[in-house]
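Here are some friendly notes to read with the model open beside you. Take the points in any order you like.

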Amino acid sequence: MKKRNLSAYLCLTTIISVLPVAPAHSTIKIANSLQLAPSMREAKLAQQPNQVLEVVGVRVQIVDQKLEILLENSTSQQLQIANNSEGNKFIADIPNAQLRLPSGNSFRQEKPFAGITEVVVINQDANSIRVMITGEVDIPQVELDDSDEGLIFVVSPTTPPPDTSQPSSETPPTQPSSEANEPIELVVTAQKRPEASQDVPLSLTVISQPELTDGQINSLQAIANNTPNFTFLPTTAGSADFSYYSLRGLNNFNFLASQDTIGFYVDDVPFDYGGFLDVALIDLERVEVLRGPQSTLYGRSSPAGVVNVISRPPSNQPEIGITAGYGSYNSREFQLSLSDAIIPNQLSFRLAGAYNARDGIFDNIFLDQAVGERSQVTGRAQILWTPAPEWNISFNTYASDNDNGNPTFSRQNAAEPFTISQEVDGFNRLSTNTQALKVSYNGNGFRATSITTRRFSNQNTLVGDNFPGDLLQQVIGINSTVWSQEFRLQSPEDAEKLRWLLGGYYESRDFKVIDDTFKYTEAGAIAFGVPAAGSDRVSAEQSRHTYAIFGQIDYKPVTPLTLFAGLRYETADTELDRRRVFENTDGSVNPPTAEVRGATLNSDELIPRFGLQYRFNQNVMAYATIAKGYRPSGFNYRADTEDTRRFQEETSWTYEAGLKSSWFDDRLTANLSVFQTDVDNYQVLLTDDFGFFRNVTNANVQVTGLEFELTAKPVPGLNLIAGIGYVDSRFKNYRNPFTGGDFSDNRVPFAPEVTCNLAVQYRSKSGIFARAELRGYGVTYFDDANQVKQDPYALVNTRIGYEGEKYGIYLYANNLFDTRYITSGFLFPAPNVTAGFGDPVTYGVQMRANF
């Protein structure tokens with residue numbers, strides 16, 4: 001490696017012109033009498049004047065108590081440098097060069113090292129790159145090194161970093177040597193632009209790739225387990241036919257609603273409906289959970305928040321990852337990922353696949369077999385094409401197939417809830433596939449993005465009645481096709497004083513209920529008051545077309561203050577066809593209600609968002625927002641009469657204030673948010689006289705709460721992650737229109753009063769790995785009357801292993817103390833409570849390798 005040495009501190013307004021080739025034995029004179037060492041003149045191969053070279057990667061790492069910034073070059077040619085200083089900022093312009101990064105055309109990392117505030121690498125124009133390194137006090141000292149991989153900026157702050165050999169309690173080490181390559185700041189795209197998570201003015205949980213791997217986070221339920229005020233509960237352990245979730249006290253209990261309260265995105269594809277969310281998330285880059293209404297930045301309006309799942313992008317070098325495991329109930333897992341470049345720096349791919357299966361955890365003594373088994377196969381493929389530095393074109397496809405056993409329930413008060421007696425062994429099968437084409441332009445004056453997506457899902461379920469004596473079975477057959485198109489225009493990534501975004505969104509959703517049937521035996525007909533044995537069958541087709549335009553402006557009138565405002569206009573047209581018949585056992589058909597053809601609904605709304613952000617210093621930022629949430633009106637396809645078939649649109653206002661802070665060079669972060677949400681016409685699901693969900697109405701809800709999150713790295717190798725959420729979500733002015741029951745001031749179902757998550761993890765230089773997790777939940781109700789509930793409980797998970805440079809082997813235990821708890825509960829048949837139970841204790845071993 002040859003060094004190009006700028007060994008003195010750069011002064012304010014000093015301009016340095018560095019020539020890559022100079023006459024032998026000559027000295028290049030620089031302002032203020034600075035000189036370049038002769039070794040700098042020993043260039044490998046001078047850059048040709050008109051040739052544009054490509055920088056294909058930017059790496060930031062700490063080596064020997066100095067910060068190194070590597071610009072990876074696609075050729076062996078040397079880059080020219082022209083340096084310019086402004087205030088406490090070192091600036092290097094690289095002519096005849098362009099960034100061509102897999103993640104975009106800019107790079108930014110805040111606080112990468114003690115004494116360094118920020119590192120930014122951007123395309124200055126169509127023919128040059130600018131590198132900016134900002135010091136906290138003065139201009140950093142910079143040396144330039146040439147390596148076989150590219151150009152290296154070796155940076156030392158004006159104020160030297162603390163001595164890490166003897167860390168004190170007041171000034172912890174800036175970066176342990178065992179974590180030299182670990183980024184300190186998480187860069188997210190929650191607001192559709194790359195920025196540090198601590199700079200985003202909203203309540204945000206970010207789970208990075210190492211945390212996803214270490215915590216075995218590979219599902220939406222696992223994401224919720226690590227997020228305050230977010231729960232994601234399958235109806236029952238093993239094979240679950242539906243998943244109930246709640247974020248900040250707003251849930252999807254009304255599965256007949258036209259739109260979810262949370263916007264789930266997996267690689268830009270919107271996922272919806274609780275029956276379609278039991279999918280494996282594999283080969284992930286990071287997860288972002290945004291709490292609060294999100295309507296002015298995302299395509300789909302989401303009143304409770306957004307879960308944004310980002311998979312790992314294709315790499316420019318060969319990568320292979322393998323994971324295999326075995327555990328309790330004959331559980332087995334295998335995952336493989338592969339990535340490489342087809343055309344270096346232009347065309348690359350990534351493939352990932354996974355197989356997960358487990359035997360049933362319920363013992364059916366009637367059939368003398370285990371039931372509730374699971375089997376899931378998942379695959380993902382991505383192609384990334386970068387035809388020019390400012391263009392990124394990617395195509396993603398994802399497919400998942402679940403072939404699971406009977407969704408099994410027990411009585412809540414059962415002495416042995418995992419031992420049942422059931423005559424029918426049912427099943428739950430779900431298949432889904434997605435496609436997404438994303439075209440991004442990142443120019444000097446603006447950015448443009450087009451995202452075209454499609455998702456098809458199909459679910460078929462047979463559920464027995466879970467009681468001795470075969471009374472009834474439920475048969476479900478539904479499928480959904482969702483197309484979406486989103487366009488965004490926005491300011492360039494390096495915009496500071498004024499940032500803007502303008503977008504448009506279209507969505508077409510065809511939801512087909514092929515079969516929604518209750519099949520009664522003769523005993524069941526008597527028990528439930530049905531005239532005779534037979535099948536009560538509903539079929540329906542719902543289509544919805546949504547159109548929206550949205551935008552947001554961020555303005556910084558003075559350096560520490562940012563004001564932002566956004567607005568969305570959305571309109572939706574919904575159409576329903578519906579038929580209900582009763583099929584007798586002899587094959588004859590009785591239509592109990594009139595057929596519905598071409599019923600229509602239209603709803604539209606203006607949805608604003610306002611806020612401000614104030615940065616007191618580099619460590620502390622505060623924000624406040626006011627945002628509206630919205631869900632369109634819709635049809636209840638199970639309703640028999642016109643007066644109960646339509647439910648109103650739901651609107652909400654959320655008021656939020658928060659504080660984000662980071663200390664000791666980001667070795668400690670602490671974030672707090674408080675909020676209140678007032679909901680008008682909350683869409684509520686109701687049961688009929690026999691406990692079947694058949695009716696929908698509207699009610700008012702008020703939610704107050706807070707979230708507090710903390711991460712700490714007190715000593716090298718030790719990580720602490722903690723989060724706590726409190727939410728008081730209650731009905732207001734709510735009377736059941738069918739029974740007259742007054743549920744005002746009752747708690748909203750599936751919204752635990754308290755959620756907490758704690759992870760303590762240690763990774764030593766010798767290869768020892770250990771992790772312990774605690775998850776706690778407050779009182780949770782499962783019905784509007786608050787008659788069915790789960791008392792507070794806590795779960796403990798542990799994991800220990802040994803790691804080499806490219807492999808790891810681990811032992812784990814989940815629900816270590818075998819805690820019994822329910823994830824759903826229904827008064828069915830009243831007054832009995834039928835409940836779904838969470839997983840019992842499980843043990844296993846897992847192996848991972850990367851090449």
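**Notes on the predicted model**

1. Strand S4 (residues 66-73) has 7 of its 8 residues buried, so the strand is largely enclosed by the rest of the structure. Here buried means under 20% relative accessible area, exposed means over 50%, and partly exposed lies in between (1.4 Å probe, protein chains only). Strands are DSSP runs of E with at least two residues, helices are runs of H or I with at least four, and both are numbered from the N terminus.

2. A word on the source: this is a predicted model, in which local features need pLDDT of at least 70 and side-chain atom pairs count only at pLDDT 80 or more, while totals for chains, interfaces and linings use all residues. Residues are numbered from 1 along each chain as its sequence is written, and side-chain values use heavy atoms, with hydrogens and water left out.

3. Which strands pair with S4? Strand S3 (residues 53-63) pairs with S4 in the antiparallel sense over 8 bridges, and strand S12 (residues 150-156) does so, also antiparallel, over 6 bridges. Two strands count as paired if DSSP finds at least two bridges between them. Glu 68 is a handy landmark: it is the bridge partner of Gln 61 and stands opposite Val 154 in S12. The hairpin of S3 and S4 has 2 residues between the strands, and Asp 64 there takes a positive phi near 55°.

4. For the overall picture, the protein chain has 4 helices and 55 strands. Of its 851 residues, 59% count as buried. Among contacts between residues at least 6 apart in sequence, 65% join residues at least 24 apart; a contact means heavy atoms within 4.5 Å.

5. Please keep an eye on confidence. pLDDT is the predictor's confidence in each residue, from 0 to 100; the chain has a mean of 86, and 88% of its residues reach 70 or more.

6. Strand S35 (498-520) and strand S36 (534-558) are the elements that give two or more residues to the lining, and S36 supplies the largest share, 3 residues.

7. An open sheet of 3 strands runs in the order S30-S54-S53, with antiparallel pairing. Its edge strands, S30 (410-411) and S53 (822-827), each pair on one side only. S30 meets strand S54 (residues 833-837) over 2 bridges, and Ser 410 stands opposite Ala 835.

8. Is Phe 664 buried, exposed or partly exposed? At 39% relative accessibility, Phe 664 counts as partly exposed. This residue lies in the loop between strand S43 (650-663) and strand S44 (668-687). Phe 664 and Ala 114 are 550 residues apart in sequence, yet 8.8 Å apart in space, C-alpha to C-alpha.
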